[in-house]
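Me: I have a structure open here and would like to go through it with you. Could we start with the overall architecture and then turn to single residues?

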Amino acid sequence: MSRVKLVKLGRLLGAAFTSCRGFHAEQVRLESSGLPIIHHGKYVCDLPANHRFPMNKFPRVLHFLLKDQVITEKQVWYPEIASKDLLSCVHTEEYLDNFINGNVNEREQRRTGFSWSEGLVRRCRYETGEKKTKAVMLWKDHAAHVAHLVSSCWTGGTVLAAQVALQRGLACSTAGGTHHAFPSFGSGFCLLNDLAVAAKCLISSPKRKVLIVDLDVHQGDGTAFIFKEEPCVFTFSVHCGKNFPLLEAHLPWLLETFRPDLVLYDAGVDPHCEDELGKLRLSDRGLFQRDLYVMKSVVSRGVPVAAVIGGGYSRDIDKLALRHSILHRAAARVQDTCMLLDDTFQCTQTVQNVMNDFSIFIFQVWRECGM
């Protein structure tokens, strides 16, 4: 074979291998084969004393997951702050300018339940997500495959959880679920709609379908409004009333008929019997069974799930954090139950990608090199 043909061969081989799909995140750990947990220390900000929103629950959720050995620190993925450009896929420019720069009047602050501060803006942007360019390679010897982290990857909060779920099948954040935020205003402790931003990002390129399963006790009115004319996003919101039995009737049907490429799951714990704002009477066991049912129903059909913690209100922060951690404990159970299936899926997906790339490579070699 001539030197020219060898050069062509090398270029084609490089192109074939760099086209493999893989994780999309800034930080990857060699030991990250466990359930991915998305968390950041800046999910919190200072609030006035006795404020009703339980801001300090977010770090305590992670604390209890580590303390009870549900996860290890090696499973924690760290997001970056969301840019204005990312947020503008859902929110209006005027609203973002006013919110980021502090041009918020008293009426607007009463509607959201928060007094404006730079810290509040920062925590909301970390909770949502960011678009960043990064390239990293991860070798997972025990899974016998290579995962390539490609450029234009999505990092941050709920957006990162969604992107990781697309590659790993299941991922959970320790925050998120701000479903009352509308394009031009915030409401009910929700300032930026993280679920909507994540869904918008994922349906754009490549084209995907996203199912939002919202089991917070309050309707996800902002999310429903944002996607009311978007055929690629379906919002399934079960709120108030004794409606959770509807899950068994409608969730499987939605999965089979809508056929989503990803499910965003808002696992609010405000339906709990001890929640200060909720109107349902679920126990800890009831929440666990609910979360287990949703995630197993979705993952067993080969559909990825990104879960957020949603609403939950109690003056006892530790008790509330433990209640929120039910989601992650259920997800860990699903991860363990489906580990063999997940490894088989990942290996099958990798083999298919490699075979497709290799077939294209062989064809190009044959065509370009005249073999």
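Predicted model: local features only at pLDDT ≥ 70, side-chain atom pairs only at ≥ 80, totals over all residues.

Me: Moving to α11: how far does it reach?

Reply: Helix α11 (residues 284-299) has 16 residues and reaches 22 Å from first C-alpha to last, close to the 22 Å expected at 1.5 Å a residue.

Me: Which of its residues are buried, and what do they pack against?

Reply: The buried residues of α11 are Gly 286, Leu 287, Arg 290, Asp 291, Leu 292, Val 294, Met 295, Ser 297, Val 298 and Val 299. They pack against β7, β8 (210-214), α10 (246-258), β10, β11 and α12.

Me: Which residues have the most contacts inside the largest nonpolar core?

Reply: Leu 211, Val 213, Leu 264, Tyr 265 and Met 295 do, in a core of 89 residues. Helix α8 gives the most to this core, with eight residues. Another core, of five residues, lies apart from it and includes Val 269, Leu 282, Leu 320 and Ile 326.

Me: What does Tyr 265 touch, beyond its sequence neighbours?

Reply: Beyond four places in sequence, the contacts of Tyr 265 include Val 213, Leu 215, Arg 290, Asp 291, Val 294, Met 295 and Val 305.

Me: New topic, His 180. Where is it?

Reply: His 180 is in the loop between β7 (170-173) and α8 (194-204).

Me: Is it buried or exposed, and why?

Reply: His 180 counts as buried because its relative accessibility is 13%, and the cut-off for buried is under 20%.

Me: What are its polar partners?

Reply: The side chain of His 180 makes a polar contact of 3.3 Å with the side chain of His 179. A polar atom of the His 180 side chain also lies 3.3 Å from the backbone oxygen of Gln 219.

Me: Which other residues is His 180 in contact with?

Reply: Leaving aside neighbours within four places in sequence, His 180 is in contact with Ser 187, Gly 188, Cys 190, His 218, Gln 219, Asp 221 and Gly 222.

Methods. Residues numbered from 1 in each chain as written. Heavy atoms only, no water. Helix = DSSP H or I, 4+ residues; strand = E, 2+ residues; numbered from the N terminus. Buried < 20%, exposed > 50% of the residue type's maximum accessible area, 1.4 Å probe, protein only. Polar contact = N/O pair within 3.5 Å; in protein donor to acceptor, adjacent residues only side chain to side chain. Contact = heavy atoms within 4.5 Å. Core = buried A, V, L, I, M, F, W, Y, C linked by side-chain atoms within 4.5 Å. Expected span 1.5 Å × (residues − 1).
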